[in-house]
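Thanks for coming. Please have a look at it first.

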Amino acid sequence: MSRIARADPEPTVPVPSSPLPHHHRPRAELRQVTANGIEINVAVAGSGPAVLLLHGFPHTWRLWTHVMDGLSDRFRVIAPDLRGFGASTRAVDGYDAGTLAADAEALLHALGESSAAVVAIDAGTPPAFLLAMRRPGLVRQLVVMESLLGTLPGAEEFLAQGPPWWFGFHREPGLAESVLSGNEDRYIGWFLDEGTLGQGVEPAVRAAFRDAFSGSEALRCAFSYYRALPSSAGQILDATRRGRLTVPTMAIGARPVGRALEQQLRPVADRLVGRIVEDCGHIIPLHRPDELLRLLDPFLSGSAGAPAAPTRR
């Protein structure tokens, strides 16, 4: 069966070349794929074992531009817009981690993949974790970064002064989207600047993110992730009570999350490595893509898989 036999037969659209001179853009294609009852916009590049990339807020698949560039000569890299984000369906509901994990599983099946390494950041991390817990035969390796996993122990120091301020703002139904409509560029730009320690992101990427989150409906979908956090936390807790994380896993931290995610995973994971990217903001794939690729390359290739005993840099 063709790898795209179950994908919608709409024509593929070449992705424009990246304006960044020091990276060679992969020959990626954008596709619309029907999976788990929604239309998922997905960028696909390269060939080989599948690597699924799950972004967070306020991102789209373009968060992974440089990572796709670095991996697509050895892997088939699959980078979707998550439910409600970018050009994927702005669904009424389904923003809990369990449903998002089901979205990811259905997408892989629709693209003809029976296994994949899964790499996730921020809001993409809880569904990636649940996918690995629920379908360990599907997930070859798991890489998660700059996120927390519900209420699992280990993040107490990070949360000592409470969660980040925007969590409460985003979780109040209807509030944030009504306040922010018309001011999306400034608001999204704040996260991009903070997430790169003031460096900012390339203008075309910033414009793409701004456009993806413009309008009250786009904002509603984005904030629905935060409104589903209690449900997601319950699903994560239930998964850890039922079993352990058995796939090789790497937890990568930067600023501000640092080691908190690794510390949450340590008691529930059989094969875990923890890494820190120094002098790096939250948006690791855009702020320090080369450093991230230096961690991903050996791990995904299996030459530096997670050992049974904890290993730290």
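The largest nonpolar core has 106 residues, and among these Trp64, Met68 and Leu265 touch the most other members. By nonpolar core I mean a set of buried Ala, Val, Leu, Ile, Met, Phe, Trp, Tyr and Cys residues joined through side-chain atoms within 4.5 Å. Buried stands for under 20% relative accessible area, exposed for over 50%, and partly exposed for what lies in between, using a 1.4 Å probe and protein chains only. Helix 2, residues 97-110, gives this core its largest share, seven residues. Helices here are DSSP runs of H or I with at least four residues, strands are runs of E with at least two, and both are numbered from the N terminus.

A word on the source. This is a predicted model, where local features need pLDDT of at least 70 and side-chain atom pairs count only at pLDDT 80 or more, while totals for chains, interfaces and linings use all residues. Residues are numbered from 1 along each chain as its sequence is written, and side-chain values use heavy atoms, with hydrogens and water left out.

Back to Trp64. Leaving aside residues up to four places away in sequence, Trp64 touches Leu53, Leu54, His55, Ala79, Val119, Ile121, Met145 and Pro285. Contact means heavy atoms within 4.5 Å.

Helix 2 also holds Glu105. Is Glu105 buried or exposed? Glu105 counts as buried, because its relative accessibility is 17%.

Now the aromatic pairs, of which the structure holds 18. Rings of Phe, Tyr and Trp (the six-membered ring for Trp) pair if their centres lie within 6.5 Å; planes under 30 degrees apart are stacked, over 60 edge-to-face, and the rest tilted. Phe167 and Tyr226 are edge-to-face, because their planes stand at 85°, with ring centres 5.2 Å apart. This pair links distant parts of the chain, 59 residues apart: Phe167 is in helix 4 (residues 165-171) and Tyr226 in helix 8 (residues 216-227). Phe167 is partly exposed at 25% relative accessibility, whereas Tyr226 is buried at 8%. Another edge-to-face pair is Trp190 and Phe191, at 5.0 Å centre to centre and 90° between the planes. Trp190 is partly exposed, at 32%, and Phe191 is buried, at 9%.

Last, the whole chain. The protein chain has twelve helices and ten strands, and 57% of its 313 residues are buried.
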